[in-house]
Amino acid sequence: MDYLPIFMNVKGRLCLVVGGGEVGRRKASVLLEAGARVRVVAPDILPELAKLAGVEAVISRFEPSHLDDVALVIAATNDRGVNVLTSESARARNIPVNVVDDPALCSFIMPAILDRSPLMVAFSSGGASPVLTRLLRGKLESIIPQNYSRLAAFAERYRERVKQYVTQPARRRIFWENALDGVIAEKVLTGDEACADAMLQQMLENEDNIQRGEVYLVGAGPGDPDLLTFRALRLMQKADVVVYDNLVSKPIVDMARRDAKRIFVGKKRADHTLRQEEINELLVRLAKEGKRVLRLKGGDPFIFGRGGEEIETLAEQGIPFQVVPGITAASGVASYAGIPLTHRDYAQSCMFVTGHLKDGSMNLDWDALARPKQTVVVYMGLHGLATLCMELIKHGMPEITPIAIVQQGTTQHQRVLTGTLATLPGIAEREKPQAPTLIIVGGVVALREKLAWFHPQQN
Ligand code: SAH
């Protein structure tokens, strides 16, 4: 973080704008909207700026004495000398200063804003790309409707009352989330506040009976945060606790609600930080404490994710849960590596198998795997790669069958190694791919050469 984002209260305080042109006018207007009094200093001041209510116009070049009693300064002149002088004088007095389009002279920068007062969204690229910031602002405009102002005002109106009824902060947050994320919010947004008032009151009165703790078993996809589902994202913003393991990439864990507690439960090969039973118990305990628990799993929770075992325990204990599917490694990784899993000419079926079995051996139905015209995707298979290739050949798959290992697929560390059943074990030995890796076997792997060129994400 290069800057600390804060919202400053300037109501009734004197702020200085140096510069009397169009930019100065815009800056003065923002300050006035925030309730400041504004002193504008410049040899020439646009008449429409000078006559704005709340503006004190001083026709003069800037002098340090103009800083007397000032809480904040914005320099908006096209004279660098004046800008430098303003910046230095303000800094000497510890007054926050912004020089338009000159970050080196600034002690603070002005964000782009989306005003849904009292709800305010401010964002900034730290000067890196104002255009990007503007594009983002446009997007937010479209997803945060104008009448969010109304919703924020509604929440503000009830804030104290809810505080009295629901004294415990965690419960209060859940109460508000339910209120602001459901029917009541819809009523406010469509203007039916009387109905919203009645519903909120009813909700307050029944607060004690509301079922709290629950578990969201969420598939986080194979790594690229762009592959999350909307539902996953929404629940990530809602959860009080995030329980995740090492298949979930850091950028994804970072997207959970900022003040959510994060619990790492590990799971590397043979180095289980928490055993599965302990994870199951942890989820139950947290939910019983009334928490909304986000159990984030790599890929899809129901594909080699032991999600079934986790919800079995929850169901036994009567804890409400929901399961959110994710893009499983096979599908994400194959598409980012340019390998279609099925193809009319090369594969009419596709099997997902795991190469890591409970007792450490690889006891697969080799005859079924070795059949022609199908794709075999092996999860957790790197350690058994040599055995896998040998068995497939032994069971009739041609030695020249193409096979790929994709390491850390869909992430920026994605790397694809290709070869044949005969050559890949040697290549892997040499290249030492990093976990997690996925193995794809079958004619479709050869298509990668043709398709790779068109696929922007892959190496
Ligand atoms: N539930 C997960 C799979 C968990 S098993 C899913 O649906 O994807 C863990 C295995 O998944 C790893 O050993 C590896 O084989 C595979 N895997 C998960 N993410 C991967 C990635 N980004 N790149 C390659 N393989 C991955």
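Guide: A polar contact is a pair of N or O atoms within 3.5 Å; within protein, one must be able to donate a hydrogen and the other to accept it, and residues adjacent in sequence count only if both atoms are side-chain atoms. This is a predicted model, in which local features need pLDDT of at least 70, side-chain atom pairs count only at pLDDT 80 or more, and totals for chains, interfaces and linings use all residues. Residues are numbered from 1 along each chain as its sequence is written, and side-chain values use heavy atoms, with hydrogens and water left out.

Visitor: What makes the pair Gln-201 and Arg-161 a polar contact?

Guide: Their side chains come to 2.6 Å, and the limit is 3.5 Å.

Visitor: Which residues is Gln-201 in contact with, leaving aside its neighbours within four places in sequence?

Guide: Arg-161 and Tyr-165; contact means heavy atoms within 4.5 Å.

Visitor: Where does Gln-201 lie?

Guide: In helix 8, residues 193-205. Helices (H or I, at least four residues) and strands (E, at least two) are DSSP runs, numbered from the N terminus. The protein has 17 helices and 17 strands.

Visitor: Why is the protein called more spread out than a compact globule?

Guide: Its radius of gyration is 30 Å, well over the 23 Å that the globule rule gives for 459 residues, so the protein is more spread out than a compact globule. The radius is taken over C-alpha atoms, and the rule is 2.2 Å times the number of residues to the power 0.38. Along the principal axes, the C-alpha atoms fill a box of roughly 90 × 60 × 40 Å.
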